[in-house]
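Please look at the structure below before reading on. The paragraphs after it go from one part to the next.

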Amino acid sequence: MQTLQGIAVSPGVAIGEALVVDNEGVRIPQRFVAREAVQNEIERLSDAIAGADEEIAANRDTVTQQLGKHYGAIFGAHLRMLHDARLRREIEGLIRQNHYSPEYAVSRIMRRYAKVFQSLDSAFMKERATDIFDIEKRLLKHLLGDRSENVSQLTSPVVLLAHNLTPSETANLDRDFTRGFVTEVGGPGSHTAIVAEAMHIPAVVATGQFLTDVSGGDLIIIDGNHGRVILQPDEETIARYRHEVEEHRTLAARLRPLANKPAITEDGTTIHLYGNIEFPYEVKECNASGADGIGLYRTEFLYLNAKTEPTEETHFEAYKKVLLAMAGKPVCIRTLDLGAEKLLEVPSPEDERNPVLGLRSIRLTLRNVPLFRTQLRAILRASALGKIRVMFPLITTLKELRQAKMLLTDVMEDLEEQNIDFDRNIEVGMMAEVPAAVIFLDRFVDEVDFISIGTNDLIQYVLAVDRSNKDVAHMYTASEPSVLRLLRSSIQTAIKSNTPVNICGQMSGNTLYTMLLLGFGLQQFSVPPASLLEIKKVICSVSIKQCQRIARRVMTKENAQEIRSYLKDELRKQVPELVP
Amino acid sequence: MPNTENSKVSRCVEITNPQGLHLRPGEVFTRKASEFVSTVSIISGDRRVDGKSLLDIATLGATQGTKLEIEAHGPDAEVAVKVLADILETKSVDELTKGP
């Protein structure tokens, strides 16, 4: 048994067979073979080696011809490894003695070698692990033939393990069979994390290198509550986690009846609970949990999933789907919130050394007006079909907000001229997530219909902590007193001016902070669909008066850890079933 | 003493290739080593690897300046050690892969 510690980015526990995803998403379907099949399997191995041999030899000849003998020689080395008598003995040994399938045996042995290489001191030698993976991949390809599976079309449940997953890879994952994922790199708040949350599957990132320790088909436990990944778990551990999964299922079942009840505190304050979504299909769960609407509809997937820039129709169809499903309840669409490096048809900035401080989000859309207009037109057209709100992300200055609003008015005029229907009174809001805007919020509130506090970015900017840098990611926390002070003052600024305000960051979906935020005066929460009922449970179990007392207590404390443990104690007192 | 059935010969060498004993020189080494009847081992500190297995050799991660002992055991041990030691003491892979 081996336990890895990473960063928990999506809660829950998954127990399942590992699928190690590389660029080709090769999957090992079967780990063991019957005793009487062993001879047959060894022949399959020989055939695979012969097939790989042909390929590598052809590569060697082509490369030698085109680039010279010096480059061709590396394939000569691959051939020598492929036919290494020792390697062959080791693989055959696992097939004969352990009755491993050739696929599993090849993967086990090759990964063991890759691991040794990676542990070598010389950087040049470390790199040789990629040569091993290359040979492994070739052998597996020949062994699996047509049976190799793509991650977007799985046939049985798996947990995905990868070095890194691109946003489009995560977006295309098979939703029925993907039970969780782990990446060696990445950080909380990264796109991978958001997609995991959207899919309601546990995810752990930034575990550091471990893929060489795993072969496809191994049983793996992902503990998304504590950021742990357990390889080769023993029986006792498996039993303990199975129990936890069961308990969670029971809790979810117990919370289910809350779906049809309003979120009202014990002393009678009605709280509005909205869902955060990324994909139209998530609306279903929002409705099933009785959400009052969509507080944050992220539109990035429309851009990330596509090979070309999405058309107005693509936007419109997605928005329409969400609106119709929400049947008259409000849907808040956030305009594009991505960096230039993630977009295909926008020129990449030449010197983007610090993307989170760079050309992204509203800064990017204001510079690429046609791209922005396409989205705004689609949003406005959809506004004729239901209750839409539009929200601009990453606003830093009043000038930016005014420019964005002006553009929106401009698009409205176009639609008017063309006699296309839209909601003239569409509500316009902004994300309060850049400290500059949060500090200056009293001037912004006069120019917007609502404010949504994006704690994910706000915390990162206030604490100057990059969430995806695993050396500092642990410093990233909502419970830092400085962050809380800023949050309290922005909520109160909005309340004073009668501007509706909600929090849509991960913080608002964490039951640990619900009482504190209620105590600050927050009356609207926008949370991941999976958290709706838990948050509602807290709201229905407490009084505002209690929460105000808790908030006052918290504000006297001076460090994050103390605040967290105090909040946990208070939550345990009020809603014990939510504190494990 | 000339080649007898069980002669065991060994020699110490120092890796001169700037990138160490990586795959390409290793390939040349194992290819040559496999041409001999004798068993060939490379000893580095307390580790002994199969001189005919490229994978095994690569796990040594022998960098420039590493001192290794080549040991051959068998009828052609003496020639084997001489030829193989020469390979390890060659500076550049290109000299080795110039071909016959």
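What follows describes a predicted model, taking the sheets, then a helix pair, then the contact between the chains.

Start with the sheet in chain A. This open sheet has 8 strands in the order E1-E8-E7-E3-E4-E5-E6-E2, and its pairing is mixed. At the edges lie strand E1 (2–5) and strand E2 (7–10) of chain A, each of which pairs on one side only. From one strand to the next, the twist averages 30°.

Strand E3 (residues 13–21) and strand E7 (residues 219–223) of chain A pair in the antiparallel sense, over 5 bridges. Within that pair, A:Ile15 has A:Ile221 of E7(A) as its bridge partner. Helix H9 (residues 235–255) of chain A packs on the sheet and touches E3, E7 and strand E8 (228–231) of chain A. The direction of H9 makes about 115° with that of E3(A).

Chain B has an open sheet of 4 strands, in the order E1-E4-E2-E3, with antiparallel pairing. Its edge strands are strand E1 (8–14) and strand E3 (47–50) of chain B. Neighbouring strands here are turned by 25° against each other on average, direction ignored. Strand E2 (residues 39–44) of chain B pairs with E3(B) in the antiparallel sense over 4 bridges, and B:Ser41 stands opposite B:Asp50 in E3(B). Helix H3 (residues 77–89) of chain B lies across E1, E2 and strand E4 (67–73) of chain B, running at about 10° to E1(B).

Back in chain A, two helices pack against each other. The axes of helix H20 (residues 511–520) and helix H22 (residues 544–555) of chain A are 7 Å apart, at an angle of about 95°. Angles of 65 to 115 degrees count as roughly perpendicular, so H20(A) and H22(A) are roughly perpendicular to each other. Among the residues making the contact are A:Met515 and A:Phe520 of H20(A), and A:Ile544 and A:Val554 of H22(A). The residues of this contact divide into 10 nonpolar, 2 polar and no charged.

Last comes the contact between the two chains. Chain A gives 22 residues to it and chain B gives 25 residues. The size of an interface is often given as the accessible area lost when the parts come together. Here the area buried between chain A and chain B is about 2000 Å², with 69% coming from carbon and sulfur atoms. A:His70, A:Arg80 and A:Met125 supply 30% of the area that chain A buries against chain B, more than any other three residues. The interface of chain A and chain B also has 2 salt bridges. A:Arg80 forms a salt bridge with B:Glu27, where the closest N and O atoms are 3.5 Å apart.

Key. Residues numbered from 1 in each chain as written. Chains lettered and ligands numbered in written order. Predicted model: local features only at pLDDT ≥ 70, side-chain atom pairs only at ≥ 80, totals over all residues. Heavy atoms only, no water. Axes fitted to C-alpha atoms, helices over the stretch in contact; angles between N-to-C directions. Parallel < 35°, antiparallel > 145°, perpendicular 65-115°, else oblique. Contact = heavy atoms within 4.5 Å. Nonpolar A, V, L, I, M, F, W, Y, C, P; charged D, E, K, R; others polar. Pairing = 2+ DSSP bridges. Buried area = accessible area lost by both parts, 1.4 Å probe. Salt bridge = Lys/Arg side-chain N within 4 Å of Asp/Glu carboxyl O.
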